[in-house]
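This report presents selected features of the structure shown below.

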Amino acid sequence: MSCQKAEDWIHGYLDGELDLARSLEVEQHMRECEICARSYRSQVTLRSSLKGESLYYGAPEKLKKRIQSSLRKEAKSEMFPRAFGWRWLTVGASLAFMLLIGVVVWRIVPRSVGPSGDELLAQEIVSDHVRSLQMPGHLTDVLSSDQHTVKPWFDGKVDFAPPVKDFASQDFRLYGGRLEYLNNRTVATLIYQRRLHYINLYIWPAEQAGVTGEITTQRQGYNLAHWTSSGMNYWAISDLNRVELQEFARLVQQSQ
Amino acid sequence: MQQQNKLATFEEAVIPHLDAAYNLARWLTRNDTDAEDVVQEAFLRAFKFFGGFRGEDGRSWLLAIVRNTSYTWMRNNRTPELSTSLDDDLHEIESKDLNPEALLVQCADTLLVRQALEELPIEFREVLVLRELEEMSYRDIASITDLPLGTVMSRLARGRKRLQLALTKQMHAEV
């Protein structure tokens with residue numbers, strides 16, 4: 001092990017984050033190199049001075065009260081939504097209307113009828129889609145129309161490599177990507193834009209190999225399409241009309 | 001009714017990490033009032049996204065939101081420090097500058113240590129705070145800061161070196 005390499009590994013060693021083989025290598029190196037051994041001892045000293053309560057900022061008691069009261073207010077306003085709409089101006093007032101209908105349908109439709117796995121997933125996807133548009137800045141974690149920026153962004157964040165293609169020439173512009181937690185796992189999400197409509201495309205590895213043709217459904221005013229191909233599950237959702245969403249689904253399938 | 005349940009579950013899962021949230025926000029913003037505002041905002045955001053929380057590690061989940069909120073806050077409210085370049089000039093530090101005896105003396109002075117940590121560039125400060133004050137694993141730090149594991153380690157290495165240098169430099173200045 002070179003000193004240059006040891007410089008970083010010493011810290012992994014100090015933090016107990018190295019595997020046994022690496023730890024032994026670091027120990028061996030410190031036996032041979034006085035400079036690195038000294039640097040390690042200094043770090044031990046330094047670290048002990050950072051421990052303890054002295055540097056820790058505990059939250060003031062009044063902050064806790066403030067937060068609890070603002071949470072209560074928030075919970076109330078979620079129960080009686082008054083300010084619906086204003087956040088939506090940018091996305092289109094029609095979305096707000098659909099959401100309201102969605103909430104009503106959601107509340108009225110009896111849940112006791114056991115929904116199938118796909119139905120549960122569809123519901124989860126509708127909620128996620130709505131949420132992604134609701135909060136400013138929540139739509140994308142990586143904002144880029146360049147597939148060569150978006151694709152590598154997923155590296156190390158998900159345990160698979162989602163296919164990322166831009167369809168700007170067909171008027172489905174790649175808008176960005178983000179991570180979501182759906183169906184009990186982390187899934188890659190690509191966002192596409194057509195005119196003022198956003199499409200969320202969720203991708204994760206399929207459990208079984210094989211190809212399932214595209215199935216389209218409608219929920220709470222949104223169109224959904226899902227299919228399986230090349231070992232991946234795909235779910236696309238948008239307030240786009242059904243024909244255009246199918247057009248999009250076909251583009252994605254053909255690009256694989 | 002549902003909202004009441006959500007609030008109760010949220011409070012139970014997330015409020016216990018208020019100190020951790022405040023500590024991180026305070027170290028990032030370096031200001032009491034800003035930290036309080038950031039934490040309040042972060043809790044509201046967390047509450048809105050609570051549907052996406054599946055009962056994993058509540059502290060990491062909350063701290064990632066606190067960190068994002070802090071950065072947004074600093075971007076909107078000043079703080080040129082976010083543009084700090086990461087290219088540091090640490091290779092110029094000779095090991096003779098890092099005198100362990102001097103370090104020992106300096107480290108005994110909490111005020112000096114606090115000041116030195118506060119003056120570190122934010123990229124190093126945040127990993128050090130998460131590692132040393134919150135005692136989080138590299139994996140948790142990586143997920144909060146959205147960095148690869150290797151980068152977490154090398155930032156800690158560089159951050160600690162800078163801290164060490166700052167403390168020993170102060171020593172020379174005082175003498």
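In which loop is Asn184(A) found? Asn184(A) is in the loop between strand E2 (173-182) and E3 of chain A. Helices (H or I, at least four residues) and strands (E, at least two) are DSSP runs, numbered from the N terminus.

This is a predicted model, in which local features need pLDDT of at least 70 and side-chain atom pairs count only at pLDDT 80 or more, while totals for chains, interfaces and linings use all residues. Residues are numbered from 1 along each chain as its sequence is written, and chains are lettered from A and ligands numbered from 1 in the order in which they are written.

**Loops and strands of chain A**

The phi of Asn184(A) is near 65°, a positive value in a residue other than glycine. Asn184(A) counts as exposed because it has 8 C-beta neighbours inside 10 Å. A residue is exposed if 12 or fewer other C-beta atoms, placed from the backbone, lie within 10 Å of its own, buried if 20 or more do, and partly exposed in between.

Arg195(A) lies in the loop between E3 and E4 of chain A. Its phi, near 50°, is likewise positive in a residue other than glycine, and with 10 C-beta neighbours inside 10 Å Arg195(A) counts as exposed.

Strand E3 (residues 185-194) of chain A pairs with E4(A) in the antiparallel sense over seven bridges; two strands pair if DSSP finds at least two bridges between them. E3(A) and E4(A) form a hairpin with two residues between them. The bridge partner of Arg194(A) is His197(A) in E4(A). Seven bridges also join E4(A) to strand E7 (residues 232-238) of chain A, and these two strands run antiparallel. Here Trp204(A) has Asn233(A) of E7(A) as its bridge partner. Seven of the nine residues of strand E4 (residues 197-205) of chain A are buried, so E4(A) is largely enclosed by the rest of the structure.

The table lists two helix pairs; axes are lines fitted to C-alpha atoms over the stretch in contact, and angles run from 0 to 180 degrees between N-to-C directions.

| Helix pair | Angle | Axes |
|---|---|---|
| H7(B) and H8(B) | about 140° | 10 Å apart |
| H2(B) and H7(B) | roughly 155° | within 10 Å |

H2(B) is therefore roughly antiparallel to H7(B), and H7(B) and H8(B) are oblique to each other. Angles under 35 degrees count as roughly parallel, over 145 as roughly antiparallel, 65 to 115 as roughly perpendicular and the rest as oblique.

Asn23(B), Leu24(B), Trp27(B) and Leu28(B) in H2(B) meet residues of H7(B), including Ile122(B) and Glu126(B). Two residues are in contact if their C-beta atoms, placed from the backbone, lie within 7 Å. By class, the contact of H2(B) with H7(B) has six nonpolar, one polar and two charged residues. Ala, Val, Leu, Ile, Met, Phe, Trp, Tyr, Cys and Pro count as nonpolar, Asp, Glu, Lys and Arg as charged, and the others, Gly among them, as polar.

**Contact between the chains**

In chain B, 41 residues are in contact with 39 residues of chain A. Several helices of chain B each supply at least two residues of the side that touches chain A, among them helix H1 (2-14) and helix H9 (149-174). That side divides into 21 nonpolar, 10 polar and 10 charged residues.
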